[in-house]
Amino acid sequence: MSMDSYENLDEDIVRMIPEWEKVTRNDGGKKFAEAQFNLGNVSIELGYIEEAISLWSNIERRDSAEKFASAKLNIAHVLHDNGNIYEALNEWSQIARSDSPKLYARAQFNIGTILRRQKNNEGALRAWQSIQRSDDAESYAKAQFSIGTILSESNKEDEALSAWRNIKRLDSPEMYAKSQYNIGYALVNKGNIEGALSAWRNIERSDDKETYAKAKVKIGFLLEEKQNYNGAITEWSKIERSDDPEAYAVAQSNIGYLSSDDLEAAIRAWSNIKESDDLKIYAHAQFNLGIWLINANNKKDVLSAKEAFISASDLYPYEAYCYIQICEFLLVEEKVEFGKKLQALLEEIILITKDLTLDFADSEVQDQAPERKLAHYTNTQTADILLNIHNKDKVAGSFRLNTINNVNDPSEGQVLNSYLNEDNEEAFYAPDFDQNFQAFVSCFTFNHDSLNQFRLYGKKDNKEASGVSLVFNKDFFQSKNFLCGMSFLYPLNNSQSLDNNLTDTSDKALLRSKIDIKPVMRCIY
């Protein structure tokens, strides 16, 4: 080794390097192994990887079994970090329990982890199951946790629970907490609510702060389902931001919801949530704050409501935009009454929209629910494009939305307009085309096997019932559970069209290709 490269090393180590280099196996196997191991560590610190591997490889089991195991472990880590996975597995596999139980356990855990990544679950289980608590308690705990995860994924819940229950707090507080969290989750799925609560309550902040916080969130939800609202608030109140910012935000958000009878408590909880905790939950909280504050009778609260809606505009662009405009009216004395009427109208529209939006969660609970299947009838040529049939580029076609200006019934949507305007005229007219304000739709039906629909929408070459009925996976649509208000009505942050916002043709195409999935709205005649 060059002395020029020692400047960043500890002085004591630099002083020992010449002494280590003099040691041979004739001086004693244990002393030789110690010297070679230390020189290998120095080489790694200096960035000489091949030299380090060579030095560690000089150590034989007969010199020192423990140093041999340590050297093999180090060599494997270096090889793994440099992408030599199979060589690393070979090095780890050479470590025996008799060399060092602790290092054997760590090697077997690493082997299991690699095999798991390679989707060799059987091999991973064998490696992890070979680890005993007496080898190394922490490695044993990690192995049992991983074993439980694989078994759970294989629907062997009882065996998974057994593995997780093998872990004790003394083995590893962190793995104990994570195993108890998984036990609680599994017991909920088995309908054992009390067992789940017991498991989650076993977790202490000192075990693992993040898992503790997540467990408290779960406990709160279970207590809320049991209508123990005070108990839920108590559990959520125990979560601190330093435990886990996202869990803290979830807890404060739900405290706000359950504090509907205490306006100050609700506002305080939602105000506690910061943008840095979780952007989406923050926006939810700000929107809720705005809803509460806009109903106050003083300008100060209306101004605060306006600021809250501005903060929520990324998540609730449509409602936030409307509420901000309403706030402007409420801040002008002579326009207050008009603002209140607009607010009442908006809130009625929001309620109607919620009722009309399809909720997949409810539909899939019942096997025979009338809304269990959603279909679209089309001809075979269109189906071929959508399903990537005969496509040399292997790129499936996109499902197209069409402008509502092209529908075959120009009176659609005007009944409500006439009602709101108290217009009793029966004659309807097609509205003038406006390129800046357009609605795009596509039609679906819950009747996925209808001869009449085949006849009307599935013709090809004027042949009756020659088309297809495409039944869509629920993931194709936006679930009501993940719907942020009426954001689907407000794709851009201004009223201009896509073409007015983008000048480059490729940019327009790119944006169109990235339009988010949309919810399904019921159409009631």
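1. Glutamine 227 sits in the loop that runs between α12 (209–225) and α13 (229–237) of this predicted model. Glutamine 227 is not a glycine, yet its phi is positive, at about 65°. The residue counts as exposed, with a relative accessibility of 59%.

2. Asparagine 155 raises the matter of backbone geometry again. Its phi is positive, about 65°, although asparagine 155 is not a glycine. The residue belongs to the loop between α8 and α9 (157–165). Asparagine 155 counts as exposed, at 70% relative accessibility.

3. Alanine 232 is part of helix α13. Its relative accessible area is 0%, and alanine 232 is therefore buried. Neighbours within four places in sequence aside, alanine 232 contacts Gly220, Leu223, Glu224 and Leu258. From the C-alpha of alanine 232 to the C-alpha of leucine 222 is 7.8 Å, with the two residues 10 places apart in sequence.

4. Serine 259 is placed in the loop between α14 (245–258) and α15. Is serine 259 buried or exposed? At 9% relative accessibility, serine 259 counts as buried, because the limit for that class is under 20%. When residues up to four places away in sequence are not counted, serine 259 touches Ile233, Ala265 and Ala266.

5. The next point is the packing of α15 on α16. How do the axes of α15 and α16 cross, and at what angle? The axes of helix α15 (residues 263–272) and helix α16 (residues 279–294) come within 9 Å, crossing at roughly 150°. The two helices are therefore roughly antiparallel to each other, since angles over 145 degrees fall in that class. The crossing of α15 and α16 is left-handed.

6. The residues in this contact can be named. On the α15 side they are Leu263, Ile267, Trp270 and Ser271, and these meet Ala285, Asn288, Leu289, Trp292 and Leu293 of α16. By class, the residues of the contact of α15 with α16 are seven nonpolar and two polar, with no charged residue.

7. Asparagine 288 deserves a separate entry. It lies in helix α16, and asparagine 288 is one of the residues of that helix that meet α15. With a relative accessible area of 13%, asparagine 288 is buried. Apart from residues up to four places away in sequence, asparagine 288 touches Tyr257 and Trp270. Trp270 is also listed on the α15 side of the helix contact.

8. On charged pairs, how many salt bridges does the structure hold? The count is 24 salt bridges. Side chains of opposite charge can pair when their charged atoms come close.

9. Aspartate 12 and arginine 15 form a salt bridge through their side chains, with an N to O distance of 2.2 Å. Both residues lie in helix α1 (residues 11–22), and they are three residues apart, about one turn of the helix. Aspartate 12 is partly exposed, at a relative accessible area of 45%, whereas arginine 15 is exposed, at 52%.

10. A salt bridge joins lysine 67 and glutamate 34, whose closest N and O atoms are 3.7 Å apart. Lysine 67 is in helix α4 (residues 65–81) and glutamate 34 is in helix α2 (residues 29–46), so the pair ties together parts that are 33 residues apart in sequence. Lysine 67 is buried, with a relative accessible area of 18%. Glutamate 34 counts as partly exposed, at 35% relative accessibility.

11. Arginine 116 and glutamate 153 form a further salt bridge, their closest N and O atoms lying 2.8 Å apart. This pair links distant parts of the chain, 37 residues apart: arginine 116 is in helix α6 (residues 101–117) and glutamate 153 is in helix α8 (residues 137–153). Arginine 116 is partly exposed, with a relative accessible area of 25%.

Definitions and conventions
Residues numbered from 1 in each chain as written. Predicted model: local features only at pLDDT ≥ 70, side-chain atom pairs only at ≥ 80, totals over all residues. Heavy atoms only, no water. Axes fitted to C-alpha atoms, helices over the stretch in contact; angles between N-to-C directions. Helix = DSSP H or I, 4+ residues; strand = E, 2+ residues; numbered from the N terminus. Parallel < 35°, antiparallel > 145°, perpendicular 65-115°, else oblique. Left-handed = near helix turned anticlockwise from the far one by under 90°. Contact = heavy atoms within 4.5 Å. Nonpolar A, V, L, I, M, F, W, Y, C, P; charged D, E, K, R; others polar. Salt bridge = Lys/Arg side-chain N within 4 Å of Asp/Glu carboxyl O. Buried < 20%, exposed > 50% of the residue type's maximum accessible area, 1.4 Å probe, protein only.
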